[in-house]
Structures are given as C-alpha cells and as structure tokens.
Amino acid sequence: MKQTVLAGRVSGLRPAQKRRLERLAHRRHPEQGGADLLGLQRLAAEARELALPLSLVVDGRGLCRLLWVGPLEQSGRLIERLPGSERRQGHDLRLLSCIGRGQSLEPLGSEALVGMDLQPMFWLRYGDRARSGGRWPAAVYGLSCDEAQPWSCRMEGELADLCDPGINPADSGDLGVADGGNQTRQGPERVMLLALVSGEESDSQRDIAELEGLVRSAGGLPVGVVRQKRQQAAPQTLWGEGKLREAALEARRLEASLVVTDRELTPVQARNLERLLDLPVSDRSELILDIFAQRAASSAGRLQVELAQLRYRLPRLSGRGLSLSRQGGGIGTRGPGETQLEKDRRAIARRIERLQRDVERLGEHRARLRGGRTGLKRLALVGYTNAGKSSLLNALTRPLPGEELLAENKLFATLDPTTRRLELPDAGGTVHRLLLTDTVGFIRELPPPLVEAFRSTLEETLESDGLLIVVDLADPAWATQLRTVHTILDSLGSHVPRRLVANQIDRCPASALEEARALDADSVFVSATGGLGLQHLREILQNWPQST
C-alpha cells in the first residue's frame with residue numbers, strides 16, 4: 001500500500017478539507033515526467049480556500065509521497081519527512097508547488113533552501129488561479145551550478161504545457177548540482193566559515209585567513225566564507241537572522257557539512273545557530289582544541305588536551321543537548337529518574353577531577369626535572385604558532401640525522417616542550433653551555449580551558465632565565481602576532497627578560513626589517529632555514545641575559 005503523508009498546518013483543517021487533500025494526494029501522476037494537470041488545478045482550488053501554499057512531492061512512479069500544507073520554509077528538512085526507508089525515498093523526486101496568490105514563481109530564501117535539501121529532478125511552481133483570458137503561468141526550476149543563483153529557470157509558460165509528460169524539464173540545461181547532490185563526497189570535510197566583521201577590513205581579512213589555516217590544520221577544506229559587518233552583535237545568535245538564512249543557503253550550495261565561526265559561542269548561541277543553519281556548528285575554540293587533540297603525540301600532551309576538551313564541553317552539554325554515551329549503572333548512580341544529561345555531566349566531572357590530579361603530578365615531575373638542571377642557563381623559544389621556533393632550535397643545536405625536532409609549515413605542529421643542550425664556544429676557547437626549550441606556539445584568543453590545562457607545559461617558559469620571542473617577518477601580520485605573544489606572556493605573569501628574534505629575513509620586505517628594529521633596537525635578525533645570522537645569535541646567547 002502506498003504511503004502518503006499529509007503534513008504541515010493540518011491541525012486546523014476541517015474533516016471535509018482533510019479528506020479532499022488526501023484524495024488529491026492519492027492521485028497518480030505520469031511516470032515519465034510532467035504532472036497531472038487536473039490534480040494540480042484542484043490543488044490550486046484548495047490553496048485558494050485555505051489561503052495557504054500547497055506542495056506535492058512525487059516519486060519516479062508518479063506516486064505522491066508527501067503533501068505539505070503551508071509555506072515550505074516551515075517544513076525543515078523536507079526529505080526527512082518522507083515516509084519509508086531512504087532506499088524507498090529514491091533520487092528521482094519531483095516537487096510540485098502551488099505557491100498562492102501574489103507570490104514569486106522563483107524560489108527564494110529559506111524556501112529555496114528546503115528545495116535544495118530535497119534535491120528534486122525539477123520543481124514545478126504555479127499560482128493558485130488562472131489570469132484573465134484563461135492563462136495560467138507556471139515555471140519549472142532546476143538546481144544550478146551557479147553559486148549566486150542556486151535555482152535556475154528551465155522552462156516557463158502555460159501550466160498545461162509544462163504538465164505534458166512528453167516534456168522533460170530535467171533535460172533542459174545543466175543540472176550539475178542535482179546530478180551529484182545525493183552522492184557522498186569523498187575527501188576532507190567541507191567547512192564553511194561564518195565571520196563577524198567589526199573593525200578594519202585588513203584586520204578582518206587576516207583573521208579570516210588565520211581561521212582558514214586552522215581549518216586546514218584540522219584536516220578540513222574551507223569552501224566558502226559568509227561575513228557580516230555589525231557594530232553590535234545579536235545576543236542570541238551574534239549574526240542577524242537574515243544573514244543566517246543566507247549562510248544556510250550558501251552552505252547547501254557549497255555542500256558544506258560543518259560551519260565554523262570566528263567567535264566563541266555560548267551554549268545557547270551554538271544551539272540557535274545549529275537550528276537556523278541546520279548544520280553542525282563549531283566555534284574557533286573548539287577548532288583549536290581539535291587541532292591539539294590531533295597533534296598530541298605524547299601521553300602528557302594527550303592528557304592535557306583531554307582535560308581541556310572536557311572543561312570546554314561540560315558547560316555546553318545543556319546548551320546542545322549532546323550525549324557522550326557514558327551511562328552509569330549499579331553502585332554510584334542516582335536511581336531510575338536520572339536523565340542522560342545528568343549522567344553525562346557527572347561522568348565528565350569525575351573524569352576532569354582524575355585528569356586534574358594527573359596534570360598536577362605531571363607538573364611536579366617537570367618541576368623536579370627543572371630542579372636537576374640547576375647550574376645551566378635556561379632559555380625558551382616562544383612566539384606565535386608557525387613562526388619557525390622548531391626550525392630555529394634545529395638550526396642552533398644541529399641534531400644528528402633522525403633526531404631533528406618536527407618542523408612543518410602548519411599551525412601547532414609541536415605541542416610538547418623539547419629541551420636541547422646548546423654549547424657555545426667563545427673566542428677565548430671557553431665553552432658556554434645552556435639549555436634551549438621549544439614550547440607550544442601561541443595564537444590570539446587562546447581558549448581558557450587550553451591555557452589552564454597546559455599550564456604545566458607553559459611553566460617551562462615561565463621558569464626560564466630569558467625568552468627569545470621568534471617572529472616570522474615574512475608574515476604581513478607579524479607585528480600583530482608579536483603584540484599577542486606579549487599579551488599572553490603578561491597574562492601568565494612572566495617577568496623574565498625578552499629578546500626579539502626576527503626570522504625569515506631572506507623572505508621578507510625591507511620595510512619589515514626597519515619596523516622590527518624600531519620596535520626593539522636589540523632585535524636579532526636570522527633565517528633558520530637559510531642559515532643566516534645564526535652565528536651572531538650564538539654569540540649573543542653566550543652572555544644574554546646578564547646574571548643579576
């Protein structure tokens with residue numbers, strides 16, 4: 001027996017109206033294409049009486065699978081409302097809509113988004129009444145590859161002509177999106193960025209470029225950016241609802257499976273955005289935590305990352321309604337009335353408490369290691385992520401083949417601190433020995449749970465005798481990154497001497513050299529990969545910082 005669903009605004013229908021709509025839903029349409037003209041005319045009569053648009057979803061056999069009463073934008077994901085299994089839903093659907101009086105034939109806004117989710121072979125749209133002279137205008141739309149216009153008109157004319165089964169609108173033009181819309185994309189996750197612009201355009205461009213770099217570092221593929229300039233953010237969603245409808249449409253057009261925002265979201269904001277965009281949403285902090293989780297190679301690194309992730313997730317459980325599938329049972333649970341959310345909260349709280357004790361023991365162990373290095377001067381390389389700290393450590397210490405520190409052109413390539421001994425002979429033959437530590441890179445607006453979890457790692461920086469702040473002069477944003485590093489160090493309570501090491505001097509413009517010298521007259525200019533200025537840096541490190 002054929003399954004048909006009558007859905008939408010049906011609660012207020014009279015029994016006679018509901019019976020007529022059900023009879024219309026049971027009418028059969030041509031199998032090869034087109035539509036039943038008499039059925040569409042009767043559908044228009046019902047739309048006039050109800051003063052509501054009506055839509056039919058018809059499958060390849062000509063059977064109506066769904067009759068939606070009311071605006072399509074109120075249906076959510078229409079494909080999920082079809083009865084039967086995904087196999088029975090098929091990929092040869094037709095969408096037939098009587099749009100009501102005074103409405104545009106062209107699908108726009110949220111209505112267009114609903115149609116894109118359904119991925120029909122074509123979308124026939126017509127008004128609820130004929131015009132003077134008996135003309136009944138209608139149009140057939142198909143999915144387009146044009147990013148600016150997701151629906152393109154395939155045919156336009158009289159309703160009777162467009163219902164003819166001999167005319168196949170799906171053959172009129174390129175249906176590039178529709179042809180592949182139901183196939184699962186292979187490769188990296190497609191991510192759309194959602195940005196809130198409030199300052200200078202150049203600063204916003206740099207921030208968006210950095211967010212794109214974070215997405216790539218996490219293994220995703222940035223496919224598009226939707227930005228909005230607002231002086232005052234909306235408290236519930238940050239972005240305006242009109243812009244979010246545009247973003248939802250853009251995400252469908254780009255076939256994105258995830259949206260990443262450039263602002264940290266509260267639990268309520270995250271839930272509202274996921275509801276309006278109908279896609280999973282991650283903020284910048286969650287993205288950075290994900291990168292750290294991927295990069296953590298040692299047990300200490302994995303321990304600290306897990307603690308940071310759980311601290312981030314705990315307050316967001318109620319906001320998103322997530323379940324971590326941690327169910328209690330037996331001794332220690334609170335009885336049958338406990339909700340899954342409460343179980344998740346208690347499980348995470350217990351795990352955080354245990355991880356916190358492990359992190360404290362890790363900090364004590366590292367403090368003992370530092371205590372065993374007394375008598376040697378200790379310096380730390382700090383700086384923005386991907387500034388070249390690991391490359392500089394390799395260039396200064398000259399490790400044996402296979403013992404080099406990982407140095408890759410990506411964000412947060414190194415998480416665990418690495419300390420190497422550096423021997424610096426002076427002109428008189430005296431060998432100066434010191435310890436040089438490479439630490440985790442900084443980035444603007446580091447997530448607070450991450451800073452707290454990695455405090456034992458950052459103590460390698462705080463307990464050093466001097467800080468070598470490495471900047472990449474080839475990066476146009478190096479000055480802003482330097483300010484960020486100083487701000488983070490100040491917030492951590494660091495008061496040890498600092499020295500600017502300007503890297504990549506063989507790839508930067510001359511103006512960057514002058515700007516760095518103006519910021520710090522004692523700047524040291526090097527190229528870690530080109531080997532430039534390294535000997536001068538070694539000579540400086542023999543007596544810097546001066547003992548007090």
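In helix α8, the residues E241, L244, A247, A248 and R252 meet L273, L276 and L277 of helix α9, where contact means heavy atoms within 4.5 Å. The residues of this contact divide into six nonpolar, no polar and two charged; Ala, Val, Leu, Ile, Met, Phe, Trp, Tyr, Cys and Pro count as nonpolar, Asp, Glu, Lys and Arg as charged, and the others, Gly among them, as polar. Helices (H or I, at least four residues) and strands (E, at least two) are DSSP runs, numbered from the N terminus.

The model is predicted, so that local features need pLDDT of at least 70 and side-chain atom pairs count only at pLDDT 80 or more, while totals for chains, interfaces and linings use all residues. Residues are numbered from 1 along each chain as its sequence is written, and side-chain values use heavy atoms, with hydrogens and water left out.

Two packed helices are described by the angle between their axes and the distance between the axes. Axes here are lines fitted to C-alpha atoms, for helices over the stretch in contact, and angles run from 0 to 180 degrees between N-to-C directions. Angles under 35 degrees count as roughly parallel, over 145 as roughly antiparallel, 65 to 115 as roughly perpendicular and the rest as oblique. Two helix pairs are set out below.

| Helix pair | Axes come within | Crossing angle |
|---|---|---|
| α8 (residues 241-254) and α9 (residues 267-277) | 9 Å | roughly 55° |
| α14 (residues 389-397) and α19 (residues 534-541) | 11 Å | roughly 80° |

By these angles, α8 and α9 are oblique to each other, whereas α14 and α19 are roughly perpendicular to each other. The contact of α14 with α19 is made by L392, A395 and L396 of α14 and L534, L537 and R538 of α19, and its residues divide into five nonpolar, no polar and one charged.

Within α8 lies L244, which is buried, with a relative accessible area of 1%; buried means under 20% relative accessible area, exposed over 50%, and partly exposed in between (1.4 Å probe, protein chains only). Leaving aside residues up to four places away in sequence, L244 touches L194, T237, W239, L273, L276 and L277. The C-alpha atoms of L244 and L273 are separated by 7.9 Å, although these residues are 29 residues apart along the chain.

Helix α7 (residues 201-217) has 17 residues that should span 24 Å at 1.5 Å a residue, and its end C-alpha atoms are 24 Å apart, which agrees; the expected span is 1.5 Å times one less than the number of residues. In α7 the buried residues are S204, I208, E210, L211, L214, V215 and S217, and what covers them includes β8 (189-197), β9 (220-229), β10 (258-261) and α10 (284-295). After α7 comes G219, with a positive phi near 95°.

A nonpolar core is a set of buried Ala, Val, Leu, Ile, Met, Phe, Trp, Tyr and Cys residues joined through side-chain atoms within 4.5 Å. The largest nonpolar core has 60 residues, of which L214, F292, F412, L450, L473 and W478 touch the most other members. Apart from this core lies another, of 42 residues, among them L105, W239, A248 and A256.

In the loop between β16 (498-503) and α18 (510-519) is Q504, which counts as buried at 14% relative accessibility. Not counting residues up to four places away in sequence, Q504 touches D472, L473, A474, V526, S527 and T529.
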